[in-house]
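User: I have a new structure to look at. Can you walk me through it?

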Amino acid sequence: MHKCIYERTPHYYETDKMGIVHHSNYIRWFEETRIHYLEQMGYPYEKMEEEGIMIPVLSAACEYKKAVRFGETVCIVLKVEEFNGFKMRISYKIFGKETGELKAAGETRHFFTTLDMKPVRTKTSHPEIYAVFADHIGEDFWEEV
């Protein structure tokens with residue numbers, strides 16, 4: 001099993017006047033975590049695009065539990081909740097690295113397309129890409145934190 005933990009320390013520009021991370025950055029961190037996941041699985045997003053596949057976001061949501069502050073390192077973990085080769089749902093949890101305290105939780109929904117935005121079923125057209133997600137559906141990475 002691959003560990004899909006992405007560590008992140010907020011940059012100053014990501015915070016507000018009180019030193020708290022602005023809510024919009026959590027969605028960006030989800031994206032960074034997905035990119036990191038693909039790298040850890042040995043299939044970087046660049047390779048996927050070279051093969052003519054994109055994974056647009058259909059929706060994104062985040063529930064904020066505790067503030068993340070400037071200088072505080074967090075661990076972001078993901079879980080492929082649903083995947084059928086065409087659509088996918090990924091959940092995320094953001095924990096304080098030092099405390100293990102849950103800071104935020106959310107999810108994104110995606111679908112797979114060609115570079116010209118035509119839907120594609122990866123199971124038949126790109127089985128290697130299909131395996132990157134299908135082999136880890138429901139794998140609970142929360143235990144790794």
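Analyst: A word on terms before anything else: helices and strands here are DSSP runs, numbered from the N terminus. The model is a predicted one. With those labels, Pro-10 is in the loop between strand 1 (5-8) and helix 1.

User: Is Pro-10 buried or exposed?

Analyst: Pro-10 counts as buried, because its relative accessibility is 3% and the cut-off for buried is under 20%.

User: How far apart are Pro-10 and Gly-71 in space?

Analyst: Their C-alpha atoms are 6.2 Å apart, although 61 residues separate Pro-10 from Gly-71 in sequence.

User: Now helix 1. What should its 17 residues span?

Analyst: At 1.5 Å a residue, helix 1 should span 24 Å. The C-alpha atoms at its ends are 25 Å apart, which agrees.

User: Which of the residues of helix 1 are buried?

Analyst: Asn-25, Tyr-26, Trp-29, Phe-30, Thr-33, Arg-34, His-36, Tyr-37 and Leu-38 are the buried residues of helix 1.

User: Switching to pockets. What volume does the largest pocket have?

Analyst: The volume of the largest pocket is about 150 Å³. Glu-31, Arg-34, Ile-35, Tyr-37, Leu-38, Tyr-45, Ile-55, Met-88, Ile-90, His-110 and Phe-133 line the pocket.

User: Where does the largest share of that lining come from?

Analyst: From helix 1, with five residues. Helix 1 (24-40) and strand 5 (87-96) each supply at least two residues of the lining.

User: How do the lining residues divide into nonpolar, polar and charged?

Analyst: Eight of the lining residues are nonpolar, one is polar and two are charged.

User: On to the rings. How many aromatic pairs are there?

Analyst: The count is 10 aromatic pairs. One of them is Phe-30 with Tyr-92, a stacked pair at 4.2 Å centre to centre with 5 degrees between the planes.

User: Which parts does that pair tie together?

Analyst: Phe-30 lies in helix 1 and Tyr-92 in strand 5, so the pair ties together parts that are 62 residues apart in sequence. Phe-30 counts as buried because its relative accessibility is 0%. Tyr-92 is buried too, with a relative accessible area of 1%.

User: What about Phe-112 and Phe-133?

Analyst: Phe-112 and Phe-133 form an edge-to-face pair, 5.6 Å centre to centre with 70 degrees between the planes. Phe-112 sits in the loop between strand 6 (102-111) and strand 7 (113-114), and Phe-133 in helix 4 (residues 127-134), so this pair links parts that are 21 residues apart in sequence. Phe-112 is buried at 0% relative accessibility, and Phe-133 is buried at 2%.

User: Which residues do ring pairs link into a cluster?

Analyst: Tyr-37, Phe-83, Phe-112, Tyr-130 and Phe-133 are linked into a cluster by ring pairs. Two of these names came up with the pocket: Tyr-37 and Phe-133 are part of its lining.

User: Which ring does the charged end of Arg-121 sit over?

Analyst: The ring of Phe-86, with the charged end of Arg-121 5.0 Å from its centre. Lys-47 lies over the face of Tyr-43, at 4.4 Å from the ring centre.

User: Last one. Where is Glu-49 found?

Analyst: Glu-49 is in helix 2 (residues 45-50). Glu-49 is partly exposed, with a relative accessible area of 35%. From Glu-49 to Phe-112 is 63 residues in sequence and 11 Å in space, C-alpha to C-alpha.

Definitions and conventions. Residues are numbered from 1 along each chain as its sequence is written. This is a predicted model: local features need pLDDT of at least 70, side-chain atom pairs count only at pLDDT 80 or more; totals for chains, interfaces and linings use all residues. Side-chain values use heavy atoms; hydrogens and water are left out. On a 1 Å grid over the protein atoms alone, a cavity is a set of points where a 1.4 Å probe fits but cannot get out, and a pocket is an open set with protein on both sides within 12 Å along at least five of seven lines; lining residues have an atom within 4 Å of a point. Grid points are joined across faces, edges and corners, and a volume is the space filled by probe spheres set on the points. Helices (H or I, at least four residues) and strands (E, at least two) are DSSP runs, numbered from the N terminus. Ala, Val, Leu, Ile, Met, Phe, Trp, Tyr, Cys and Pro count as nonpolar, Asp, Glu, Lys and Arg as charged, and the others, Gly among them, as polar. The expected span of a helix is 1.5 Å times one less than its number of residues. Buried means under 20% relative accessible area, exposed over 50%, partly exposed in between (1.4 Å probe, protein chains only). Rings of Phe, Tyr and Trp (its six-membered ring) pair if their centres lie within 6.5 Å; planes under 30 degrees apart count as stacked, over 60 as edge-to-face and the rest as tilted. A charge sits over a ring if NZ of Lys or CZ of Arg is within 6 Å of the ring centre and within 35 degrees of the ring normal.
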